[in-house]
Each structure stands twice: as C-alpha cells, then as structure tokens.
Amino acid sequence: MSCFFRLSPMAAAVLAGLSLPALLQAEPLSLAAEGGAACHRPDAPKQMIAPVKTSGEGALAEGATRVNADRVIGQSDVRVRAEGDVVVERGNQVLNAQWIDYNQPQDTVQAGDRFTLEHGGGRVSGESLRYKMDTRQGEATNARFEAESSSGRRLQGTSQTLRMDGENRYRLENGRFNTCNPGDESWYIRAKSIEADYERNVGVARNASLVVGGVSLFYTPWIDFPLNGNRKSGFLVPTFKAGSDGVEITTPYYFNLAPNYDFTLTPKLYSRRGLQLAGQFRYLQPKYQGDISLAVLPADQLSQHDTRSKIDWDHQHQFSRTLSGGVDFHQVSDDDYYRDFYNRTDIAANVNLNRQLWLRHQTELWTGRFDSYATVQKYQTLANADGYKGDQPYSLLPRLSSQWQKRFGIVNFQMFGQYSNFRHDSKQEGSRLVLNPSVSAEFNRSWGYVRPKLGLHATYYNLDSHNGAQARNFSRILPTFSVDSGMVFERPASWQGRDYVQTLEPRLFYTYIPTKQQNDIPLFDTAENSFNYSQLFRENRFSGHDRINAANFLTMAVQTRLYDARNGAERFSAGLGQRLYFTRDDVLLDGSRVQRRSGHSDLLAFADGRVTDNIWLNSEVHYDTSQNAAAKYHFGLRYSPEPGKTVGARYQYRRHGEIYDDVYGKVRRADVYFQWPVSRNLYLVGRHSYSFSEHKPVEHLLGMEYISGCGCWSLSAVGQHYVNGVNSSKNAFFLQLRLRDLSSLGNNPFEQIRQSIPGYTNIDEVMRK
C-alpha cells in the first residue's frame, strides 16, 4: 500500500560526507563493499553500497512523499510507522529501510535496522537513522557513504557516527575515507572527528592519519580543507627530496586571496644549505594574466655566494582585439644558481636569461594581413663552471618589426621590415634597418608542385665608433631567387599483413644569391644553423640578417613515406639529399668570401618511424664526402609492445660537438634505457649513458614504480647521478607516493624519467588502460 506525506527533505544532511575531499581514527567499518567484497580485478565490485530499490511508480508532484511498505500503520498528522521492505521516495531521494517511524508533530523520522539512502549521485547506508527535519539535526550510526562526480572522481568512506548540526553543518566521528574504486581500502585517511560547514566551505579534521597498507605513514593533529573542491587557503602537501644538497623539505602554504588572485608561500629547508623562502603570486583578469615568483636563500652554507635569489615575472596583456603585449623577466643572483638548484636540462636551457618587454599589433591593411611587433630585450648571461660566459647576446633597445602580406590568386606578395638598435658592453654597437620584399607563386597539382620565389634583401647599417674605429654607415643589397619543386608517386604496399600506401617523392630546390663579402658587418644576431636534412631546402643557412650566404646550388633529394591505408596515419619516413654547387663561392660566418672545397655538399640522410607495430627507429647521418667519413650521426632503436613496456638503445657521434657547457670535442656516446614490469604491479625503470670519448659514464638512473592492485595508489623511487661539468656531478633521489584523485607526497620524479626514457608511460595511465 502507499501513503503520501508532504515532508521536508530528510536525507540532505545525511550526505554530508559525500563531498569531503579527505580525512575521516579509531577503527570504524571497513571500506570493503557491502557483503565483504573487496577490490580484486577483474572481479571488482561495481558499488560499495548496493543500489536502492524504487517503487516503480510514476513521478511525484513537487514536495510530495511516497511511502511503500509491506505494512503501514498509524494516524495521519500524528505518527506513522512502516515496516517490511520500506521504500520512501521524495524528489531525487530514495530511502530503503526495514522500518521507519515518523513523528509528524515533532517532525522527526527514525529508520532501522538497516537503511540505504540515495540522493542524486550519492548513496548512504547504516544501521540506524534519527533526524529532525525542521532543524535538520540528527545522526546516523555505523554509516557508509559513496559518491561519484560527472568526471568519474569517486568518494567513499565510513563513520561510526555521522552527526548533523543544522543546515549544511556536519560532524563525522571515528571515520575513514578514500577516493578509490568500490571495495578498495588499500589506503585511507582516518580521523577522530571531521567538521564540515558548507556555508563557509570549510572542513576541519582532528587527529588525522594517512594509512597505506595498514601502516600509518603521516599524522597531523589538525588540518582544514575546502569542501567543494574549490581553492582554499591552507597548507599544501609537503615534499621531500634527497640529493647532493642533502635532504630537502618543502612545506608550501596557499593563500586564496580572491577568485582571480592567489599566492603560495614555500619555505624550503636544505639540510646542507639553509632555509630558502619562495613565493609565487598569480593573477588573472579578462584582459591580462601572469605570475611573479621570488626565491631567496640567505647565507648559503654550501656556496661561496652569500644570499642566493631568483625572480621570474611572466605577464600577457590583451589591450584590444588587435593589440597585445607582455613581459618576460628572469634574473638570478649568481652564475652558479641553476647548477646548484636545478637539473641538467634546466641548466642547459637557462644560460641567457631573458628580460623582455613586447607589443604585438595584428590587423588588416589594404585587404592584406599586417603584423607589427615591438620589443626591448636584454639578457643575463650566466658563466659556466670555469667562469666563461661565452658569446653574450646583444641587447635590443628597441626592435621594431612589420610584415604585410596579401594573396593575388596563386601569387603571394610579402613585405618585411625591421629596425633594430643593438647595444653591448664590449662589442661594436649600432643600428640596422632591414627591408625584404618578396613575391612567390604556387602551382599545385595532384602529382606535384612548383613554387618559384623572388626576393630582395636590403640592409642598412649605422655603426657607432668602437676601439678607435670611427662611426660609419653603409648598406648591403642582395637579390634572392629560388624554385622549390617536387613530385609525388604512390603505390599500394603491404608489410606484416597490413596494407599501406607508399610514396616516392623526388624534390628539386634551386637557389641563387650573388656573392658579397660581409666581413665588415658585425654579428649582431646571426648564427650558423646546423646542417641537416631540412636545411637543404632553405635559401640561407644563417639565422638573423647579418649574413647571407652565396648561393647557386641545386638540392636533389628523394623521400619516401609509408601511410597506414586504414586511417592515413604516417608510419615511417626516410630521405636522402645533397646539394650540387654550380659555383664554389661561399660566405663564412665571419663574413669572409671563400671557395668551397667541392662542387657538392655533404650527403644527408634520415629514417624515422615505426618499423613494426612495436619497434621504432630514429636515425640521421651527415656524411662528409670530402673526407669519406661521417661528420655526425645518431641511431636509435626502441621496442615498445604495449604501454609500460619499453626498452631501447641509442648511439650518437659527432666529430666536433659540445660535451659540456662551452666544452667541445669529439662526442661518442651510447644510451640504453628501459621501463619494464617485473610483476603485474611492479615496474623497473633505468637509463645508463656512457661517453666513449671520456671513458666514463655520464648518467645513471635506476628506480622502481609500484601501483596497487586496483590502481588507487602508486609509489615511485628513483635515484639519479649525472655529470654536469668536466669535474663535477650531482646526485638526486626522488620518492613519491601518489593517492589517486587526492594528492601526492614527496618529490615527483616523472619529468626526470620522461626525459631519460623515450616511450615511458606513467604507471597510473597504464592501469587505466
């Protein structure tokens, strides 16, 4: 039979724990699913709490309550008791119980001996429920709860007593909580009490511990946290690291200043250096955004430098639809800062620290696209370990650039102009004006293309006096002409039972530029590009505008590609190319005019892609035809049958290359690396890099990664030793515990592993696949 009552919501408060992000001590109910089922793949339970049963009847009117039970007794407006397979429905709430007792004058409801309450995406069960509906006060005993957001993030927990202290105010006593799959209690957070105030969006846990595998790893007497996942001021998870600087402990504190402003204060203790204080301020507005970071370590006990500091400022501003600008500013206190506090990748990438202010304007002009750019730029150049600063870049004070381009059918016209004022403490200073108009055309057919291009490179210099030489001005004008052409032949192919489309692509690239000696022109912003396969199809081998090579050459090349016939994805490509010089005139980087040794260039070749579904090949060869020997080459082979399994090797050779910062010589280096499971849950990772030129290893990396059976927590431990100078090296040890959808403890080794092991896959992603 059915009875209908108009009741205020009786389950809203029971779901207090459904959005707690962490921290439920004592020994409450297990997090195993009802009936004792635990999470053991592939037979993992679907829910921690069994779904509720509904009446199957039609929708209710707003505010109406329907009660179905084997027996309903009582008096309307006084007291009603329902027993046996009770189903109570109201809105999106469904309550199942063995019995309920509703006192209408006091507006209270009790349910037992077992109950399950479902409310939207959440579900609660327990032994008994007592609740006063008008004040929303009450409690549930031996309660379980679980919820899953639209993004798939799960929350589940248990509590001996769940108290409701008014609207949106709750207290959980002696509980535990995690974000795992149903039935998975491989880790959880337990607490003596948790208070939650949704009006203030604040949760507080007291006497809280992190338990992993039954072992308590972390304890805090008090912690607060946001309830809805939004940002909230408070301590972030500390990190720990061991290495050449001893033990490093970081305890960041986050300040949620406003929805679009925040600040993170990060004290970091180096056991051998001292205490560093760092801060990061981030801001976001509709038209601008950025962040400012500052780190200071006074009285460094391990360095000859006293106060160590670093400041970074990155700012982007959209002034209007067509005008944008920004700031990119970086500075450190001394030349050794990156060597002492960062890894080898950061050291190599931060030799010249940028300090730049820029503006960019983009609009239409005469139905063509017109782009303008203005900047002032200086650098802080850091010396290497021997005190050598290398070639310090010029400052741009300022640089103004504009480019206009417009298509006329198959013809494209482009005009580029640039003014630069170069300043330097010890080199020739001056200004440079560049005008570079060009016109090109495209004749495209299904079988190939022809693309001629004609340009004029006009440069005007106004140089200051320097080292006794008088100020002077002069110009350089050089025409440029090139024709790029190619054909594409296709044929069906098959390999290891799979259908492909193979192409054969012969290509001719001709360039003509008159020869002009340029040794009276300073090198303001010009460098010589590395000679590789792609360089074969460029008019000028120099970057910048201070050098223009002489050219009367024809590049002849052929390339083949292999495409998957099913989806068109490129699987493999290989190419071979060489230049033929019709005249031997050339211009070197120093500007002098010389004769080439041969009527043809060195031979360049490459091969890259998947040889099979599981084997990757990467190789490139630069063969010096004048000496009949390789100038440089590398060859790499990787076997990756599935995510989480990869093993590979790579060998590289350079007749003359950079070994360390500004240290050059013959480079002969071999690398072997791997990521491989030794069991379903345990993976080993490693890399060994050996220099045959120096007869010593230059990098060791070895570690292990473990992931729980249901993928809810993982542990990574990685040790690394690498050489960062002729007579210097560093050590690092990374240990991190990751709790899925919650947080992580320790220092993340992922970036070090990813850079060292091509094809590496995070084990958390492996488990999800």
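Which residue forms a salt bridge with Asp671? The partner is Arg687, and the closest N and O atoms of the two are 3.0 Å apart. A salt bridge here is a side-chain nitrogen of Lys or Arg within 4 Å of a carboxyl oxygen of Asp or Glu. The pair links distant parts of the chain, with Asp671 in strand E44 (residues 663–677) and Arg687 in strand E45 (residues 682–691), 16 residues apart. Both residues are buried; buried means under 20% relative accessible area, exposed over 50%, and partly exposed in between (1.4 Å probe, protein chains only).

This is a predicted model, in which local features need pLDDT of at least 70, side-chain atom pairs count only at pLDDT 80 or more, and totals for chains, interfaces and linings use all residues. Residues are numbered from 1 along each chain as its sequence is written, and side-chain values use heavy atoms, with hydrogens and water left out.

Now the whole chain. It has 4 helices and 49 strands. Helices (H or I, at least four residues) and strands (E, at least two) are DSSP runs, numbered from the N terminus. Of the 769 residues, 45% are buried. The accessible surface comes to about 37600 Å², and carbon and sulfur atoms own 53% of that. Such areas come from the Shrake-Rupley method with a 1.4 Å probe; for residues, only the protein chains shown count as cover.

Next, the inside. A nonpolar core is a set of buried Ala, Val, Leu, Ile, Met, Phe, Trp, Tyr and Cys residues joined through side-chain atoms within 4.5 Å. The largest one has 26 residues, and Ala82, Val86, Ile100 and Phe115 touch the most other members. Several strands each supply at least two residues, among them E4 (79–90), E5 (93–103) and E6. Strand E4 gives the largest share, 4 residues. Strand E6 spans residues 108–119 and includes Val109. Val109 counts as buried because its relative accessibility is 3%. Val109 and Arg81 are 28 residues apart in sequence, yet their C-alpha atoms are 9.7 Å apart in space.

Arg81 also belongs to a charged network. Salt bridges that share partners join Arg71, Arg79, Arg81, Glu83 and Asp101. The whole structure holds 45 salt bridges. In one of them, Asp586 meets Arg541, with the closest N and O atoms 3.0 Å apart. Asp586 lies in strand E38 (residues 585–587) and Arg541 in the loop between strands E34 (527–528) and E35 (542–543), so the pair ties together parts that are 45 residues apart in sequence. Both Asp586 and Arg541 are buried.

Aromatic rings come next. Rings of Phe, Tyr and Trp (its six-membered ring) pair if their centres lie within 6.5 Å; planes under 30 degrees apart count as stacked, over 60 as edge-to-face and the rest as tilted. There are 29 such pairs. Tyr338 and Tyr342 make a tilted one, 4.8 Å centre to centre, with 35 degrees between the planes. Tyr338 is buried at 6% relative accessibility, while Tyr342 is partly exposed at 29%. Ring pairs link both to Tyr270, Tyr337 and Phe341 in a cluster. The charged end of Arg273 sits over the ring of Phe341, 5.0 Å from its centre. That label needs CZ of Arg or NZ of Lys within 6 Å of the ring centre and within 35 degrees of the ring normal.

Leu400, Met415, Tyr419, Leu433, Leu435 and Tyr460 make a nonpolar surface patch of about 500 Å². Patches are made of residues with over 30% relative accessible area and no salt bridge: like charges are joined within 9 Å, nonpolar side chains (Val, Leu, Ile, Met, Phe, Trp, Tyr) within 5 Å. Tyr460 lies in strand E30 (residues 448–463).
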